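Dear colleague,

I am handing over the structure we spoke about, and my notes follow it. Please look it over first and then read on.

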Amino acid sequence: MAIKITDECINCGACEPECPNNAIYDAGVSWKFSEGTALDGVIDFGDGVTLDASAPQDAISDEVYYIVSDKCTECVGFHDEPQCAAVCPVDCCVDDEEVVESEEELLAKKAWLHAE
């Protein structure tokens, strides 16, 4: 399961530097697959969808920090627990029940993101 940031976020920014995949962004800031990963050039999602890893993607939230679920691995393979949740002073980094992934899937995502 990916992590999401709830509306209770106080925009302190403590979570952002802790993410090993650079999946956390400030409110209103666009994001790229290439940021903090080994992804480069055209990436193929295996379902017929492709895009340029360096192409800016629209911000997911304009009000609070947000996590890009396609880049979130819950810190599996890096740490024992999600680091964003560990440092959040208001406990607003929680499981995203809409994005459920097994440990095996999270490890595969980590390998894909970092060309392992």
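For what follows, Ala, Val, Leu, Ile, Met, Phe, Trp, Tyr, Cys and Pro count as nonpolar, Asp, Glu, Lys and Arg as charged, and the others, Gly among them, as polar. This is a predicted model, in which local features need pLDDT of at least 70 and side-chain atom pairs count only at pLDDT 80 or more, while totals for chains, interfaces and linings use all residues. Residues are numbered from 1 along each chain as its sequence is written, and side-chain values use heavy atoms, with hydrogens and water left out.

By those classes, the lining of the largest pocket has seven nonpolar, two polar and two charged residues. A pocket here is an open set of points on a 1 Å grid over the protein atoms alone, where a 1.4 Å probe fits, with protein on both sides within 12 Å along at least five of seven lines, and lining residues have an atom within 4 Å of a point. Among the lining residues are Lys4, Tyr65, Tyr66 and Asp96.

The structure also holds three salt bridges, each being a side-chain nitrogen of Lys or Arg within 4 Å of a carboxyl oxygen of Asp or Glu. In one of them, lysine 4 meets glutamate 97 at 2.9 Å, N to O. Lysine 109 pairs with glutamate 101, their closest N and O atoms being 3.1 Å apart, and both residues are buried (under 20% relative accessible area, with a 1.4 Å probe and protein chains only; exposed means over 50%). Lysine 110 and glutamate 116 meet at 2.8 Å, N to O; lysine 110 is buried at 9% relative accessibility, whereas glutamate 116 is exposed at 60%.

With best wishes
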